[in-house]
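The following note sets out numbered points on the model shown below. Each point takes up one element or one group of residues.

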Amino acid sequence: MRNTFSLFFLLSYFMLIQCDLEGEQVGENLKHEIPTWHQNCVILSDVTEEDIIALRKGKFEDEDNEAVKKYFSCIILESKAMDANFKVNMTLVDYYLPKQISDDVFPTYLTCAKEARELDASFEDKAWSFFKCFYDSDPEHFILP
Ligand SMILES: *[C@@H]1O[C@H](CO)[C@@H](O)[C@H](O)[C@H]1NC(C)=O
């Protein structure tokens with residue numbers, strides 16, 4: 001009985017998170033891709049769901065979490081919205097972010113991509129900086145698959 005309840009609460013929790021992601025800040029095209037990117041990158045990086053949930057809320061404290069950095073790198077490369085040099089693909093950004101949102105999010109996205117690009121660091125460290133910059137600059141529109 002106890003386990004049934006735990007499972008129920010766990011499921012409700014994940015459904016809540018899912019609803020969060022389905023808010024208006026995520027366009028249809030992006031919404032469609034997010035579960036795939038998430039699944040692929042969890043497998044590749046070995047990151048925990050707990051870490052991802054914490055990061056979505058802005059808990060960027062652990063700079064040494066290699067799994068998280070791998071996850072961020074994987075998401076960037078999977079989405080192809082930026083290339084390995086953090087150059088933004090406008091066509092794909094337009095495709096994934098609806099106009100009314102991209103007007104708000106896009107400047108942050110570009111600024112953070114530029115900031116990451118100019119760092120003298122590994123791709124994984126740049127990926128970490130990019131997502132941290134994104135959250136710090138605009139927590140309201142932060143998207144982490
Ligand atoms: C941007 O993405 C589109 C769609 O995947 C692709 O066709 C195009 O070649 C990309 N542009 C660059 C500069 O990589």
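1. Burial is counted throughout with C-beta atoms placed from the backbone: a residue is buried if 20 or more other C-beta atoms lie within 10 Å of its own, exposed if 12 or fewer, and partly exposed in between. The model is a predicted one, in which local features need pLDDT of at least 70, side-chain atom pairs count only at pLDDT 80 or more, and totals for chains, interfaces and linings use all residues. Residue numbers start from 1 along each chain as its sequence is written.

2. Overall composition. The chain contains 7 helices and 0 strands, where helices (H or I, at least four residues) and strands (E, at least two) are DSSP runs numbered from the N terminus. Along the sequence the pattern reads α-α-α-α-α-α-α. Of the 145 residues, 25% count as buried. Two residues are in contact if their C-beta atoms, placed from the backbone, lie within 7 Å. Among contacts in the chain with a separation of 6 or more, 64% come from residues 24 or more positions apart.

3. Helix 4. This helix covers residues 66–79, has 14 residues and reaches 20 Å from its first C-alpha to its last, close to the 20 Å expected at 1.5 Å a residue. The expected span of a helix is 1.5 Å times one less than its number of residues. Buried positions in helix 4 are Val68, Lys69, Tyr71, Phe72, Ser73, Cys74, Ile75 and Ile76. The buried residues of helix 4 pack against helix 2 (28–45), helix 3 (49–56) and helix 7 (123–137).

4. Helix 7. The 15 residues of helix 7 should span 21 Å at 1.5 Å a residue, and its end C-alpha atoms are 21 Å apart, which agrees. The buried residues of helix 7 are Lys126, Ala127, Trp128, Ser129, Phe130, Phe131, Phe134 and Tyr135.

5. Packing of helix 4 on helix 7. Two packed helices are described by the angle between their axes and the distance between the axes. Helix 4 and helix 7 pack at an angle of about 85°, with their axes 8 Å apart. Axes are lines fitted to C-alpha atoms, for helices over the stretch in contact, and angles run from 0 to 180 degrees between N-to-C directions. Helix 4 and helix 7 are therefore roughly perpendicular to each other; angles under 35 degrees count as roughly parallel, over 145 as roughly antiparallel, 65 to 115 as roughly perpendicular and the rest as oblique. On the helix 4 side, Lys69, Lys70, Phe72, Ser73 and Ile76 meet Phe123, Glu124, Asp125, Ala127, Trp128 and Phe131 of helix 7. By class, this contact has 6 nonpolar, 1 polar and 4 charged residues. Ala, Val, Leu, Ile, Met, Phe, Trp, Tyr, Cys and Pro count as nonpolar, Asp, Glu, Lys and Arg as charged, and the others, Gly among them, as polar.

6. Phe60 is found in the loop between helix 3 and helix 4. Why is Phe60 classed as partly exposed? Phe60 has 17 other C-beta atoms within 10 Å, and is therefore partly exposed. Leaving aside neighbours within four places in sequence, Phe60 is in contact with Leu55, Lys132 and Tyr135. Leu55 is placed in helix 3 and is buried, with 22 other C-beta atoms within 10 Å. With neighbours within four places again set aside, Leu55 is in contact with Phe60, Val68 and Leu144.

7. Most residues other than glycine have a negative phi. Lys80 has a phi near 60°, a positive value in a residue other than glycine, and lies in the loop between helix 4 and helix 5 (90–96). Lys80 is exposed, with 11 other C-beta atoms within 10 Å. Phe86 has a positive phi of about 60° although it is not a glycine, and its place is in the loop between helix 4 and helix 5. Phe86 counts as buried, with 20 C-beta neighbours inside 10 Å.

8. The residues around the ligand are Lys80, Asn89, Thr91 and Leu92, a residue being near a molecule if its C-beta atom, placed from the backbone, lies within 6 Å of it. This shell divides into 1 nonpolar, 2 polar and 1 charged.
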